[in-house]
Amino acid sequence: MSKSLNMGQFYGEVAERWASDSVVVNRLVHQQARALPSHAHQAGFVSLMLAGKYRETAGLTQFGYQPFSCIYHPPGMDHRDEVGDAGVTLLTLEFKPELFDAMDCATVNLRPIIDLSGAQPAWELMDLFRRIATAPAIQLDFESRAIALAYSIVRNSARVPRDLRSLRRACEYVHAHFGQNLTLAQVARAAGVHPVYLGEIFRQEFGETLGEYLNRIRVRAAADRLANSDLPLSTIALDFGFYDQSHFTRIFRQFTGATPGVFRADYASHKAPASVSY
């Protein structure tokens, strides 16, 4: 029988923590390779990988974390994890399952893990830690931000796009060519559908336009390059399909809440924001 972990309990070292009655945010570190036993968390939580290697197995689903992978775990979901040779650093946000019992999203807790990688909640989690580190304020402010983030994740996790072949082909093409100056017609041709149809069905199923999806992929790739290289911002901008450094800065800040330069400095300093406690 798998072990059940209380809110605030994790395998590994909790290097930094901020907590209120209903939400907890952590920087979690595993220093070396290890296999974690099957376990479940009583709280729902989101984990975002900053550095290292990490693999998670839940039932028949396996997920290999990449830089800035972000996963939502519903309360009580059994899973087991493997930490790679380099260890791993994760940001986590936990929240009590009863927090949203009276809301219209309570039944979402029964859903499986949800991949939020590159999506707005992932960057909002990093921005929450950044605010805690650089601009400490009253506890109510950060509790409000954390709860709002948790609610948006739970509410939106019920939205699962249909597994349409045209959408799969479109997403695969965007992932393979996101550094190029793509057009809707190009992607539609690769997906085998009319551009107008693709634009509408994509927005209906994913809740965002194809252009927004493309920018999300670009920003995630750029974040990895910023974190792991000293390349000039202008070079990174051109490598990932942005018009110029100014365009890159505007889109990157729109998604992450920080300019590319600030993001790189934060990551280089701590691989997570600096310590703060309340």
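**Overall make-up**

The structure is a predicted model. Its chain has 278 residues, and 50% of them count as buried. The secondary structure consists of nine helices and nine strands. Among contacts with a separation of 6 or more, 73% are between residues 24 or more positions apart. The accessible surface of the chain is about 13,300 Å², and carbon and sulfur atoms contribute 50% of that area.

**Strand pairing**

Strand 7 covers residues 70-73. On one side of this strand lie Cys70 and Tyr72, on the other Ile71 and His73, and all of these residues are buried. Both faces of strand 7 are therefore covered, since buried means under 20% relative accessible area.

Strand 7 pairs with strand 5, which spans residues 44-58. The two run antiparallel and are joined by four bridges. In one of these bridges, isoleucine 71 of strand 7 is the partner of serine 47. Strand 7 also pairs with strand 9 (residues 114-115), again in the antiparallel sense, through two bridges. Here the bridge partner of isoleucine 71 is aspartate 115 of strand 9.

Arginine 55 has glycine 64 of strand 6 as its bridge partner. Strand 5 and strand 6 form a hairpin with two residues between them. One turn residue, glycine 59, has a positive phi of about 65 degrees.

**Salt bridges**

Five salt bridges are found in the whole structure.

| Aspartate 21 | Lysine 96 | 3.5 Å |

The salt bridge between aspartate 21 and lysine 96 links distant parts of the chain, the two residues being 75 residues apart. Aspartate 21 sits in the loop between strand 2 (13-19) and strand 3 (23-30), while lysine 96 sits in the loop between strand 8 (79-95) and strand 9. Aspartate 21 is exposed, with a relative accessible area of 60%. Lysine 96 has 26% relative accessibility and so counts as partly exposed.

Glutamate 200 and arginine 203 both belong to helix 5 (residues 195-206). Because they are three residues apart in this helix, about one helical turn separates them. Glutamate 200 has a relative accessible area of 34% and is partly exposed. Arginine 203 is also partly exposed, at 40%.

Arginine 225 is partly exposed, with a relative accessible area of 29%. Aspartate 239 is partly exposed as well, at 38% relative accessibility.

Definitions and conventions. Residues are numbered from 1 along each chain as its sequence is written. This is a predicted model: local features need pLDDT of at least 70, side-chain atom pairs count only at pLDDT 80 or more; totals for chains, interfaces and linings use all residues. Side-chain values use heavy atoms; hydrogens and water are left out. Buried means under 20% relative accessible area, exposed over 50%, partly exposed in between (1.4 Å probe, protein chains only). Two strands pair if DSSP finds at least two bridges between them. A salt bridge is a side-chain nitrogen of Lys or Arg within 4 Å of a carboxyl oxygen of Asp or Glu. Contact means heavy atoms within 4.5 Å. Accessible areas come from the Shrake-Rupley method with a 1.4 Å probe; for residues, only the protein chains shown count as cover.
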